[in-house]
Amino acid sequence: MSKKLCVVGLGYIGLPTAVMFANHGLKVHGMDVNEKAVNMIANKQLHIEENGLEERLITAIDSGNLTVSTKVEKADVFIIAVPSPINADKTANLEYVRSATKSIVPFVEKGNLVILESTVPPRTVEDIMIPVLKETGLELGTELYISHSPERVIPGRVFVELVQNDRIVGGINEESSRLTVELYRTFVEGTIHVTDATTAEMVKVIENTYRDVNIAFANELAKISEKIGVNVWEAIKLANYHPRVNIHLPGPGVGGHCIAVDPWFMVELQPDLAKMIHLARTTNDSMPEYTANKAKRILDAKGIQHPRVAAFGLAFKANIDDMRESPSMEVLHHMKELKLDLSAYDPHIKENKFEQQTQSLEEAVSHSDLIVVLTEHQQFKDLNPASFADKMRTKLVLDTKNCLDRKLWESAGFEVFTLGDSKNN
């Protein structure tokens with residue numbers, strides 16, 4: 001395939017996608033409005049963290065197949081991979097999608113294909129993109145082809161899942177879908193399922209909403225378990241041995257650019273019908289405050305005056321640097337409201353994103369009374385608590401992810417509490 005691609009948006013999805021196509025022999029131009037990010041990429045440096053990305057980026061640029069700038073260039077295929085966040089009132093912010101679509105209009109020519117990869121509310125292609133693309137003067141479906149093919153990957157495994165996962169392609173007509181399938185067959189080994197654009201949009205939102213509802217169920221079980229004297233982690237583990245049960249795990253909240261955002265698209269579209277979805281979202285959004293209050297109860301039960309808390313983990317997910325919609329920040333916010341003295345540490349976050357953040361674990365735990373583990377980074381699982389126990393004023397730890405070796409921490413003198421057990425509920 002000799003097509004040239006222009007990828008608009010070089011973030012957590014756009015950059016790996018551009019690199020993948022470039023390393024499979026296609027000419028790719030990546031565009032982003034973030035000049036700092038573009039300059040770093042051009043110099044083969046990463047502005048995001050993803051396993052295997054650095055070496056693949058170097059290969060793509062050195063081959064001459066990948067170029068980047070802050071300007072759109074002419075291409076045969078335009079892939080839009082920009083953020084689709086929510087506003088403060090939980091409504092969808094589609095300005096990035098609209099702006100990205102407008103940016104390609106002067107460069108689009110007859111026979112081009114435009115693909116939206118961003119996760120968006122159903123009807124975004126119909127209601128946002130198509131009106132803008134009509135400004136090209138081209139007849140849609142015969143002179144200009146349009147599809148939605150949402151990414152279905154998780155941070156940390158992007159390159160594996162880009163290849164192995166099934167993919168959904170929804171074109172505005174049969175030819176749009178055919179051209180899109182042909183393109184992604186460049187590297188996709190999974191099955192490519194074809195539907196229409198609006199159904200494809202709906203599918204991606206359904207996938208993330210399912211997970212959000214499942215997590216809300218787990219969080220509700222955690223709260224109930226604390227009241228009735230059950231360890232929810234053991235109960236869920238045993239329940240999941242049933243062949244038709246797959247309960248997700250509780251935690252201090254839900255983060256990321258998808259699960260914490262996409263269900264609100266459904267609530268906005270049909271507020272009178274999306275009752276369960278709305279309840280799940282509010283349940284998960286309540287967990288940071290619940291976690292902060294649990295930490296406060298643990299400290300109060302010990303009678304500690306002017307307690308100091310060390311928060312471990314700012315990223316929303318293990319072993320990455322992605323802080324989008326991270327519940328850790330909300331937990332810290334609620335802890336500050338409870339007048340707790342705070343420090344925070346995350347080995348993956350190299351720039352300080354929080355006023356009391358430190359780049360040293362030892363500094364974070366110094367004179368602290370309680371460690372609260374908010375992200376299950378492998379570094380935290382591998383810690384030897386005996387190596388820093390003497391720096392703590394009081395040896396308490398609240399494990400919100402059930403990821404620590406309890407016996408190891410207890411042998412180092414720590415009293416271990418877990419979200420979802422009845423101890424100091």
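Visitor: What does "buried" mean here, as against "exposed" or "partly exposed"?

Guide: Buried means under 20% relative accessible area, exposed means over 50%, and partly exposed is in between, using a 1.4 Å probe and protein chains only. In this structure, Phe388 and Phe414 are both buried. Phe414 has 4% relative accessibility, so Phe414 counts as buried. Before we go on: this is a predicted model, where local features need pLDDT of at least 70, side-chain atom pairs count only at pLDDT 80 or more, and totals for chains, interfaces and linings use all residues. Residues are numbered from 1 along each chain as its sequence is written, and side-chain values use heavy atoms, leaving out hydrogens and water.

Visitor: Okay, how many aromatic pairs are there?

Guide: Rings of Phe, Tyr and Trp (its six-membered ring) pair if their centres lie within 6.5 Å; planes under 30 degrees apart are stacked, over 60 edge-to-face, and the rest tilted. That rule gives nine aromatic pairs. Take Phe388 and Phe414: their ring centres are 6.2 Å apart with planes at 65°, so this pair is edge-to-face.

Visitor: And which residue forms an edge-to-face pair with Phe414 at 4.9 Å centre to centre?

Guide: That's Trp409, with 70° between the planes. Trp409 is buried too, at a relative accessible area of 1%. Elsewhere, ring pairs link Phe21, Tyr184 and Phe187 into a cluster.

Visitor: What about a charge over a ring?

Guide: Look for NZ of Lys or CZ of Arg within 6 Å of the ring centre and within 35 degrees of the ring normal. Here, Arg56 has its charged end over the ring of Phe159, 4.3 Å from the centre. Arg297 lies over the face of Tyr290, 5.9 Å from the ring centre.
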